[in-house]
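The structure is shown first.

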Amino acid sequence: MRHILIGLIFCVLTSAHAFCGFYVGKADSQLFNEASKVIIARDGNRTVLSMANDYRGEVNEFALVVPIPYVFEESQIQVGSASIFDRVDAYSAPRLVEYFDEDPCWIHDRERMFDILPSAPTMESAGALPSEDALGVTIEASFSVGEYDILMLSAEESDGLETWLLQNDYNIPAGAAEVFNRYIAMGMKFFVARVNLAEFEATGNVLLRPLAMAFESDELMLPIQLGTVNAAGKQDLVVFLLSPEGRIVTDNYRMVNIPSDVNLPEYVDENFADFYVSMFQAVSEREQTGQGVTFLEYAWDMSWCDPCAADPLTDDELAQAGVFWNIDNRGGAPNVYLTRLHLRYDRESHPEDLQFRVTNNRDNFQGRYILQRPFDGVITCQEGEEYINGVVQRQKREAEQLANLTGWELAEIQANITPYNPEVDFPEWWETLFDRLR
């Protein structure tokens, strides 16, 4: 049986606003096909890398090849739980929130009493093979972790490594040798994992569990080139970066904040997932003109959130995510800053591996989309007419904004919007005058 190399193959070298909205829904990474997730916890030169692979097929065909900076010891590798990826994903996912308009007549009375303007939200196991030595491939270490049999390889040249992998029943896609050569030239080693079927069956799991690696390195990078070799098209990669310092950014690709603080028509609450997928596609096509882009979807101090798309992570969950500097926290506010990056890439758009840099920027950002609910009671003041006209104009702007973000047909959007037609009970003109004089 030939083992298929998975689509994503990589390694790591080494002003806040209070939104105060009501959380309605989120757009997590499960909305995207062929999406892989990586958690990187980084403090100084110490890194814990956790990988969740979007592998589909028979587990006996699974194989993972990861370029690494040096040969790891068995104690540096651990099998983790996929649930931690779901938790971090849900916590940091772009979110839909809602606000509710106040009674416009009550606002009018308040202005008259206090002479102030109203406030509102702003838009802001390997067998030895003959010819191993001749191929220039050396097995530096061999051990098992959980359901994985793991080898640490070094290679003198890419053709030898490719031949060795083929002889050992790995299905290497065309073009892999060229990419292998880049990492060999950098002096890197190769982490190779395949599934031990007996151990996998003993776990009782249906899906493969993620792998975590702990190591030290001065540079922080995420090689993605091997992952583009056998990909059928563009892939989605979501990287969760945890640091005690602040936001982690890409140094060699332009970072763009995902559109945020956008008012949308109310009916989007029923298909927020469709909206976000369409918007991300449109934004990716618009922004990736001649150069690759990484999109910032979330950047926030994990000691609080506003609004929260999921419950905050516990100290134990943060440890599962690789946060090693928070072990003795004992229930206090964690010093963990989370950066969520979303990358849609192929070999043409992103010809270089991702290079990261830790900053001390602790400004908060989230992909946030707003439903502004109109007042649904009886409007009992003449000033309410102006409010009604304002809501009608707001609905028009929201429809245009949605069309611009997604490429959806404006006419179809407008057809889904329920026109604002509240119940009114306006006073007679003289009643307004005499009420003012009382």
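Two strands are taken to pair if DSSP finds at least two bridges between them. The model is predicted.

**Sheet**

On that rule, three strands form an open sheet in the order S13-S20-S15, with antiparallel pairing. Its edge strands are S13 (221-222) and S15 (248-250), each of which pairs on one side only. Strand S20 covers residues 354-358 and is joined to S15 by three bridges, the two strands running antiparallel. Threonine 250 stands opposite phenylalanine 356 in S20.

**Packing of H6 on H8**

Helix H6 (residues 272-287) packs with helix H8 (residues 384-406) at an angle of about 55°, and the axes are 7 Å apart. This angle makes H6 oblique to H8. On the H6 side the contact is made by Phe275, Ser278, Met279 and Ala282, and on the H8 side by Leu402, Leu405 and Thr406. Sorted by class, the residues in the contact of H6 with H8 are five nonpolar, two polar and no charged.

Alanine 282 lies in helix H6. Its relative accessible area is 19%, and buried means under 20%, so alanine 282 counts as buried. Leaving aside residues up to four places away in sequence, alanine 282 touches Leu405 and Thr406. From alanine 282 to glycine 407 the C-alpha to C-alpha distance is 7.0 Å, while the two are 125 residues apart in sequence.

**Aromatic pairs**

A pair of aromatic rings is described by the distance of the centres and the angle of the planes. With ring centres required to lie within 6.5 Å, the count comes to 14 aromatic pairs. Two of the pairs are set out below.

| Pair | Centres apart | Planes at | Kind |
|---|---|---|---|
| phenylalanine 280 and phenylalanine 295 | 5.2 Å | 65° | edge-to-face |
| tyrosine 298 and tryptophan 300 | 6.0 Å | 25° | stacked |

Planes over 60 degrees apart count as edge-to-face and those under 30 degrees as stacked, so the 65° of phenylalanine 280 and phenylalanine 295 gives an edge-to-face pair, and the 25° of tyrosine 298 and tryptophan 300 a stacked one.

Phenylalanine 280 and phenylalanine 295 are both buried. Tyrosine 298 and tryptophan 300 are likewise both buried.

Phe280 and Phe295 also belong to one aromatic cluster with Phe272, Phe275, Tyr276 and Tyr369. Phe275, a member of this cluster, is also one of the H6 residues that make the contact with H8.

Notes:
Residues are numbered from 1 along each chain as its sequence is written. This is a predicted model: local features need pLDDT of at least 70, side-chain atom pairs count only at pLDDT 80 or more; totals for chains, interfaces and linings use all residues. Side-chain values use heavy atoms; hydrogens and water are left out. Axes are lines fitted to C-alpha atoms, for helices over the stretch in contact, and angles run from 0 to 180 degrees between N-to-C directions. Helices (H or I, at least four residues) and strands (E, at least two) are DSSP runs, numbered from the N terminus. Angles under 35 degrees count as roughly parallel, over 145 as roughly antiparallel, 65 to 115 as roughly perpendicular and the rest as oblique. Contact means heavy atoms within 4.5 Å. Ala, Val, Leu, Ile, Met, Phe, Trp, Tyr, Cys and Pro count as nonpolar, Asp, Glu, Lys and Arg as charged, and the others, Gly among them, as polar. Buried means under 20% relative accessible area, exposed over 50%, partly exposed in between (1.4 Å probe, protein chains only).
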